[in-house]
Structure formats: C-alpha cells, structure tokens
Amino acid sequence: QVQLVESGGGLVQAGGSLRLSCAASGNIFSINAMGWHRQAPGKQRELVATITSGGSTNYADSVKGRFTISRDNTKDTAYLQMNSLKPEDTAVYYCAAQNRFRSTPGYHYWGQGTQVTVSS
C-alpha cells in the first residue's frame, strides 16, 4: 500500500502563488506516474497535471503556463507550483499515484486533499 499526504493549501489573492506538496510513504517502489487533481464545489473532479516516473509532464489547458508539476524521488515527494492563481482555481486539490504492477488503468492511491482558495 501507498499513503499520500498533501500539504501547502491555503487562502491566496488572485495573482498569487502556492506550492502544494505530496509526500508518499509505504510501498513507494510500486509508484509509477503521479498526478494532481482538483474538485471545485458542484463540479466533477478534474485532472490538473501529471508526471511520469521518468519526469514527463502533462497539463490541463486551463493551467498550462501557470502550474508546474515536479517530483523529487529522493524525498518521495511530488509538488505542484501554482502561479498567477485565479478565483476559478479554487478547489480541493488531491494528489494521486499509479501502481505500476496493477493492470487496471487510472490512479490507485489518493491523498486526503488540501483546500486552495483564491480570492478576487
């Protein structure tokens, strides 16, 4: 099993920045890709950014150029640097990880989420 713990959320004014962290523990050698998702009130959860074990990244169009996903394998931690934040970025942000040994697609482990609120 893998445990994921997010931190770094909070309240920020529009145009500001936050950095989210996701610390992994447990069977970390099973982790392949990691991703950040978010869910705003009344909306479906959406994928924000992903990073493979090799460091390849992908972003939702809504955050391209503003958000940067990274991972430090020596610390078993993934990050999401969020710049030029907008009120529409307000959501609960979740870290997730894929198990490389499982045949089912998608993310197999999830953190508890961290709230990000952007005021206008």
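Reply: The order is β1-β3-β8-β7, with antiparallel pairing. Strands here are DSSP runs of E, at least two residues, numbered from the N terminus, and two strands pair if DSSP finds at least two bridges between them. It's a predicted model, where local features need pLDDT of at least 70 and side-chain atom pairs pLDDT 80 or more, while totals for chains, interfaces and linings use all residues. Residues are numbered from 1 along each chain as its sequence is written, and side-chain values use heavy atoms, without hydrogens and water.

Me: Which are the edge strands?
Reply: β1 (2-7) and β7 (67-72), each pairing on one side only.

Me: And how many bridges join β1 and β3?
Reply: Six, in the antiparallel sense, with β3 covering residues 18-26. L4 stands opposite A24 in β3.

Me: New topic: which residues line the largest pocket?
Reply: A24 is one of them, and others include F29, M34, R71, D76 and R100. A pocket is an open set of points on a 1 Å grid over the protein atoms alone, where a 1.4 Å probe fits, with protein on both sides within 12 Å along at least five of seven lines; lining residues have an atom within 4 Å of a point.

Me: Which elements give two or more residues to that lining?
Reply: β4 (31-39) and β8 (77-82).

Me: Last one: where does R45 lie?
Reply: R45 is over the face of Y94, 4.1 Å from the ring centre, and also over the face of W110, at 4.6 Å. That takes CZ of Arg within 6 Å of the ring centre and within 35 degrees of the ring normal.

Technical notes:
Helix = DSSP H or I, 4+ residues; strand = E, 2+ residues; numbered from the N terminus.
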